[in-house]
Every structure is written in C-alpha cells, then in structure tokens.
Amino acid sequence: MARHKVEISGVNTSNIKVLSSEEMEELFIKMKNGDPFARDDLVNGNLKLVLSILRKFASKVDNLDDLFQIGCVGLLKAIDNFDLSYGVKFSTYSVPMILGEIKRYIRDNSSIRVSRSVKDIAYKALKLKDELTVQNGKEPRIEELATTLNVTPFEIINALDALKDPVSMFEPIYNDGGDTIYLFDQLEDSSNNVDLDLKISINNAMKQLKPREKDIINERFIIGKTQMEISEELGISQAQVSRIEKSALDKVKRLIK
C-alpha cells in the first residue's frame, strides 16, 4: 500500500536527517554531560519519527501542522526523560509519549463537524414533527416524516442522531466516594478479542526470531515505520529490510500453525 507523504508548512520533510543508533547514544551522553546543542540535534534527528506517527492521522484532520507541533512536544518530553540505562531503543520509548500527546490534543480540541445538508434534514424533521404533533395530537412516525420530506427514514434517523451532543469516553458515570468508573471502563474493546491461545503462540514465535528480525517486525507493525525508514536507521538497503521482514513473517506463520 502506498503511503502518502506528510506535508508540514516550513519543513522540508524529504531532507530530515535520521540518526543511527550510535549517533543517538553519543548525543544522549553529550546531553547528559551538559552539551547545549545535543538536545537540538536529537530533536532534529527524530522528526521523521514524529512524521511517521502523523501518517496515522492524515485522513482524520485537515491541517497536520498543529499535530506536528504537538508531536514535537511529545518528542521533547521523551528526550528529556529517556535514559540509556533503560535498555530499550529510543523509538520504542518515545512513540507512546508522542502518540499520547497527539491523542490528548485531539480529544481536548476536536469537535465532530456535521455537514450543512444533514443539519437541514434534522431541522426540517424537527419542525415538521412539531407541526404534525399539534395537528394530529400525537407524534408522527419516522416514515411519515421521511415521506413528507422526500428522504429515507435512515436519513432522518442519521440527521437527528448527528445533532446529539457526543459523550466523551472519559465521562464519569459512577462514583461512590471511591474509585470513579468512566464510560470507557464499560466499553468492550473488540480489537483485543483475540484468541488467547493465538496470542500465546505469537508471543512464543516472536521469541524465536533473531534480534534483527524481531526489531524489524516491531518497528514495521507496532511502531508503523516504513521499510525505507528502517533501512536508513539500520544502514542497510530497503530490499534487505523487505527480505528480513518476509523471512520473519514466514517463520512466525510456520511456528503458530
């Protein structure tokens, strides 16, 4: 599947430098020792990581510039809190922090936009409903409204639902003076409804991969990097990354059968 390039105002995304693991480690040591430029170099060398995360939101927002700035805030927090003693790659550590900043911003600042045509149907339906209720002494059925307005019942229902205020997943729904229960606590996450035996099999198969195979699978399918980004980070060709990825996936498939 082709990936669309993320365009950010004032930033030439095609010329952003990508740091190697050795360069990253060296810069973190310099920053710890008080080098005033190391932090800036770490930020500039990890902007592609922010851009790769923004691809997930490209179809959900009109302007990515604000999200890019928010992503950079998450990147700065990750850089300031990262320590080489953690024993993990910086990208593994930083992605959840960058994602968290972006998702928090979207949750706190975005609103659901309803198109004018949908609003028009809703307002006409509400007006007609009031008129028919007064005229007939009872509320009309959705089918009556749809016939009079020359639309389908589904369009009526959809339009009226669109005018309802959205409820936040973080809306508290119960508090007895102790722990608060939020709406998301009561929602089923179907994405996690994977057979337990399959999860165990996949985890066991991943443990049998070579370190480089495991790293590439994690960066491709957990972090969401492109093969080109991984090849630049590892200093190998994209074709080599593709071969390692295919070999690792084939191995996992064999092991979970």
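Contact here means heavy atoms within 4.5 Å. The structure shown in every view is a predicted model.

**Figure 1. Overview of the protein chain and its elements.** In this predicted model, the secondary structure of the protein chain comprises twelve helices and two strands. Read from the N terminus, the order of elements is α-α-α-α-α-α-α-α-β-β-α-α-α-α. Among contacts with a separation of 6 or more, 57% join residues 24 or more positions apart. The chain has 257 residues, and 30% of them are buried. Its accessible surface is about 17200 Å², with 51% of that area belonging to carbon and sulfur atoms.

**Figure 2. Close-up of the largest nonpolar core.** This core holds 30 residues, and the members that touch the most others are Leu75, Phe90 and Ile102. At least two core residues come from each of helix H1 (21-32), helix H2 (38-44), helix H3 (47-54), helix H4 (65-81) and helix H5 (90-109). The biggest contribution is that of H4, with seven residues.

Figure 3. With neighbours within four places in sequence set aside, Phe90 is in contact with Met24, Phe28, Asn46, Leu75, Ala78, Ile79 and Phe82.

**Figure 4. Thr152 in the loop between H7 and H8.** Thr152 lies in the loop that runs between helix H7 (142-149) and helix H8 (153-162). Thr152 counts as partly exposed because its relative accessibility is 38%, and that class lies between the limits of 20% and 50%. Ile142 is ten residues from Thr152 along the chain, and the C-alpha atoms of the two are 9.2 Å apart.

**Figure 5. Crossing of helices H11 and H12.** Helix H11 (residues 227-234) and helix H12 (residues 238-256) have axes that come within 8 Å and cross at roughly 110 degrees. Angles of 65 to 115 degrees count as roughly perpendicular, and H11 and H12 are therefore placed in that class. On the H11 side, Gln227, Met228, Ile230 and Ser231 take part in the contact, and on the H12 side Gln238, Val241, Ser242 and Glu245 do. Sorted by class, the residues where H11 meets H12 are three nonpolar, four polar and one charged.

Methods:
Residues are numbered from 1 along each chain as its sequence is written. This is a predicted model: local features need pLDDT of at least 70, side-chain atom pairs count only at pLDDT 80 or more; totals for chains, interfaces and linings use all residues. Side-chain values use heavy atoms; hydrogens and water are left out. A nonpolar core is a set of buried Ala, Val, Leu, Ile, Met, Phe, Trp, Tyr and Cys residues joined through side-chain atoms within 4.5 Å. Buried means under 20% relative accessible area, exposed over 50%, partly exposed in between (1.4 Å probe, protein chains only). Helices (H or I, at least four residues) and strands (E, at least two) are DSSP runs, numbered from the N terminus. Accessible areas come from the Shrake-Rupley method with a 1.4 Å probe; for residues, only the protein chains shown count as cover. Axes are lines fitted to C-alpha atoms, for helices over the stretch in contact, and angles run from 0 to 180 degrees between N-to-C directions. Angles under 35 degrees count as roughly parallel, over 145 as roughly antiparallel, 65 to 115 as roughly perpendicular and the rest as oblique. Ala, Val, Leu, Ile, Met, Phe, Trp, Tyr, Cys and Pro count as nonpolar, Asp, Glu, Lys and Arg as charged, and the others, Gly among them, as polar.
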